[in-house]
Amino acid sequence: MILDRLVAEDLEAFAVFAKHRNFTHAAGELHVSQPALHARVRKLEQTLGKQLYERQGRKLLLTATGDQLAAFANDSRARAAAFLDELDVLPPRPLVLAAGSGAYLYVIGEVLRRYLAREPGLRLMTTDSDATVTAIRDGSADFGVTALTIPPDDLDCEPLAQYPQVLAVRPGHRLADRRTVRLKDLHGEALVVPPKTRPHRQQLERSLLDAGVDWTVAVEAEGWNLLVHFVRLGVGPAVVNGFVRTPAAVRTIPVKDLPPIRYYLVTRRNRPADQRLDLLRELLQRHVLK
């Protein structure tokens with residue numbers, strides 16, 4: 001039977017490989033040689049008759065079957081840890097939360113403070129939206145809080161909060177006295193924007209292109225705080241998330257024709273029940289949901 005050939009050590013090895021997506025790093029964590037780890041992954045592929053990962057350039061990406069196997073391996077480890085915890089053999093495995101820096105700073109900071117006062121065993125991962133979804137799918141994170149344009153169908157995505165997109169400008173800017181602006185009002189502007197690889201930049205560029213707006217890049221900056229810092233210095237205006245706290249030297253104006261940024265609590269369907277996750281969900285719904 002295939003089930004008889006799914007050895008726990010091989011599943012554990014694949015879970016670690018799935019977390020790193022790098023044979024060198026995974027082998028180092030497992031304290032085995034790279035050839036030995038390759039052999040374990042190859043054995044799993046032969047057992048299942050499915051490819052578990054593929055190369056895209058220099059990157060290793062899990063296939064759909066690889067994601068499923070990683071989630072199964074992580075769930076098995078979680079169930080074993082829960083069983084041993086009931087026997088008082090091992091301390092409980094910490095929950096893992098994946099979220100971006102903006103979510104930690106502006107959306108769930110107070111919830112984390114309250115949660116950690118009651119359940120100190122929580123491990124945090126700082127990830128962008130794509131990496132958060134990937135970590136939930138393969139089981140390397142138990143849950144995530146992230147902004148999503150379109151929630152994926154294969155995960156449970158509970159709405160938590162939404163924030164408008166706003167234009168941050170200095171008080172002397174030509175748009176500073178407006179109550180609202182539209183994208184067409186940014187025609188000819190040199191904007192402070194995130195790098196091209198960031199989802200916010202990509203969505204903003206598409207929207208400006210659709211609106212026929214001619215604009216240029218004043219400077220590229222990583223993170224909401226640095227974007228606002230450059231606005232304050234007078235480098236140029238920036239479109240930012242409405243939750244960003246700005247100094248008195250910066251005004252924020254809602255952009256009417258940009259959609260709100262929606263944040264979700266993301267979990268994998270049919271994951272093992274966990275009272276700690278239930279507590280965190282309750283705190284999120286009580287202190288963030290809006």
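Is Tyr 53 buried or exposed? With a relative accessible area of 16%, Tyr 53 is buried (buried is under 20%, exposed over 50%, partly exposed in between, using a 1.4 Å probe and protein chains only).

Before going further, a word on what you're looking at. This is a predicted model, where local features need pLDDT of at least 70, side-chain atom pairs count only at pLDDT 80 or more, and totals for chains, interfaces and linings use all residues. Residues are numbered from 1 along each chain as its sequence is written, and side-chain values use heavy atoms, with hydrogens and water left out. The mean pLDDT (the predictor's confidence in each residue, from 0 to 100) is 87 for the protein chain, with 92% of residues at 70 or more. Residues 1–5 fall below 50. Where pLDDT is low, the predicted coordinates should not be read in detail.

Back to Tyr 53, which sits in strand 1 (strands are DSSP E runs of at least two residues, helices H or I runs of at least four, numbered from the N terminus). Its contacts (heavy atoms within 4.5 Å) include Phe 17, Phe 23, His 38 and Leu 60, leaving aside residues up to four places away in sequence. Gly 66 is 13 residues along from Tyr 53 in sequence, with 6.2 Å between their C-alpha atoms.

Strand 1 (residues 53–56) runs antiparallel to strand 2, joined by four bridges; DSSP has to find at least two for strands to pair. One of the bridge pairs is Gln 56 with Lys 59. The two strands make a hairpin with two residues between them, and Gly 57 in the turn has a positive phi of about 65 degrees. On strand 2, Leu 60 and Leu 62 form the covered face, while Lys 59 and Leu 61 are on the uncovered one.

Now for the charged side chains: the structure holds 17 salt bridges (a Lys or Arg side-chain nitrogen within 4 Å of an Asp or Glu carboxyl oxygen). In helix 7 (residues 109–118), Glu 110 and Arg 113 lie three residues apart, about one turn, and their side chains meet at 2.5 Å, N to O. Glu 110 also meets Arg 114, at 3.1 Å. Arg 113 is exposed at 51%, whereas Glu 110 is partly exposed at 37%.

Arg 174 and Glu 189 form another salt bridge, at 2.9 Å, N to O. Both are in the loop between strand 7 (165–169) and strand 8 (190–193), so the pair ties together parts 15 residues apart in sequence. Arg 174 is exposed at 52%, but Glu 189 is buried at 10%.
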